[in-house]
Amino acid sequence: KKKSKMKVLEYTIKGKSEETIIINAHNCHPFQANDDISGCAVAIKIFEMLKKIKNIKFTYTLLIAPELIGPIFWLKKFSSKKIKKFKYAILLKSVGNNNYLKLQQSVQGNIEIDRLALKALKNSGKKFKLGKFRTVYGNDEIVFNAPGYNIHSITLTRMPFQEYHTDADKPENLSEKKLNETFLI
């Protein structure tokens with residue numbers, strides 16, 4: 001442990017309800033475009049859209065932080081009362097390549113957030129894969145779902161992809177069409 005600052009982006013849009021939906025992406029892979037600046041870009045675009053909605057029902061928080069460690073330290077600052085207001089977390093991870101989208105379900109597998117995400121994917125008409133918790137991708141969902149937090153989370157991803165953790169994970173290899181498709185879903 002070393003006393004220092006961890007830079008994270010936290011941006012909140014207040015809704016009528018204090019119930020909060022977290023949209024999460026990570027920023028800890030320098031010089032990697034799909035992993036995970038793609039998730040950050042889609043999340044920011046979602047928040048640009050949410051800002052335009054009047055009388056929004058839920059509160060939304062955008063969290064862009066180093067994976068695993070970022071959410072751990074970010075959540076530590078909240079009281080248990082505030083943590084109970086976190087309704088869901090939606091994780092956007094590596095969503096800019098040409099693979100089809102994969103939905104990793106919450107621990108429970110059939111709660112409201114799972115059903116809504118599945119419905120959105122089905123309504124998109126696009127090919128997708130559905131997987132149980134921790135079978136598609138492993139990341140910040142283990143933090144959000146940890147005992148004491150129990151924040152139901154789902155993940156949208158296009159993992160795996162050939163350029164993963166290589167110098168070939170460059171912006172020119174991202175698909176604007178797939179980024180926009182993820183945003184729309």
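Residues are numbered from 1 along each chain as its sequence is written, and side-chain values use heavy atoms, with hydrogens and water left out. In this predicted model local features need pLDDT of at least 70 and side-chain atom pairs count only at pLDDT 80 or more, while totals for chains, interfaces and linings use all residues.

**Nonpolar cores**

A nonpolar core is a set of buried Ala, Val, Leu, Ile, Met, Phe, Trp, Tyr and Cys residues joined through side-chain atoms within 4.5 Å. Buried means under 20% relative accessible area, exposed over 50%, and partly exposed in between (1.4 Å probe, protein chains only). Helices (H or I, at least four residues) and strands (E, at least two) are DSSP runs, numbered from the N terminus.

The largest nonpolar core has 29 residues, and the members that touch the most others are Ile23, Phe47 and Leu92. Elements that give two or more residues to this core include strand 2 (20-26), helix 1 (33-50), strand 4 (86-93), strand 7 (152-157) and helix 6 (176-184). With 6 residues, helix 1 gives the most to this core. A second, separate core has 13 residues, among them Leu75, Phe86, Ala89 and Ile151.

Contact means heavy atoms within 4.5 Å. Not counting residues up to four places away in sequence, Leu92 touches Ile23, Asn24, Ala25, Asp36, Gly39, Val42, Ala43, Ile46, Leu156 and Thr182.

**Helix 1 and helix 6**

The axes of helix 1 and helix 6 are 10 Å apart, and the two helices pack at an angle of about 45°. Because of that angle, helix 1 is oblique to helix 6. Axes here are lines fitted to C-alpha atoms, for helices over the stretch in contact, and angles run from 0 to 180 degrees between N-to-C directions. Angles under 35 degrees count as roughly parallel, over 145 as roughly antiparallel, 65 to 115 as roughly perpendicular and the rest as oblique.

The crossing of helix 1 past helix 6 is right-handed. A crossing is left-handed if the near helix is turned anticlockwise from the far one by less than a right angle, and right-handed if clockwise. On the helix 1 side, Ser38, Val42, Lys45, Ile46 and Met49 meet Leu179, Asn180, Thr182 and Phe183 of helix 6.

Lys178, Leu179, Glu181, Thr182 and Phe183 are buried in helix 6. The buried residues of helix 6 pack against helix 1, strand 4 and strand 5.

| Residue | Polar contact partner | Distance |
|---|---|---|
| Lys93 side chain | His26 side chain | 3.4 Å |

Lys93 lies in strand 4 and counts as buried because its relative accessibility is 0%. Beyond four places in sequence, residues touched by Lys93 include Asp36, Tyr137, Asn139, Asp140 and Arg158.

Gln105 is in the loop between strand 5 and helix 4. With a relative accessible area of 12%, Gln105 is buried. Leaving aside neighbours within four places in sequence, Gln105 is in contact with Asp114, Leu130, Gly131, Lys132, Phe133, Ser153 and Ile154.

Asn145 is found in the loop between helix 5 (141-144) and strand 7, and is buried at a relative accessible area of 13%. Leaving aside neighbours within four places in sequence, the contacts of Asn145 are Val107, Phe133, Asn150, Ile151, His152 and Ser153. The C-alpha atoms of Asn145 and Leu62 are separated by 17 Å, and these residues are 83 apart along the chain.

**Backbone geometry**

A cis peptide bond with omega about 5° joins Asp35 and Asp36. Asp36 is found in helix 1. The peptide bond from Met159 to Pro160 is also cis, with omega near -10°, and Pro160 lies in the loop between strand 7 and helix 6.

Asn55 is not a glycine, yet has a positive phi of about 55°. Asn55 is in the loop between helix 1 and strand 3 and counts as exposed at 65% relative accessibility. His165, not a glycine either, has a positive phi of about 55°. His165 lies in the loop between strand 7 and helix 6 and is partly exposed, with a relative accessible area of 44%.

Key:
Polar contact = N/O pair within 3.5 Å; in protein donor to acceptor, adjacent residues only side chain to side chain.
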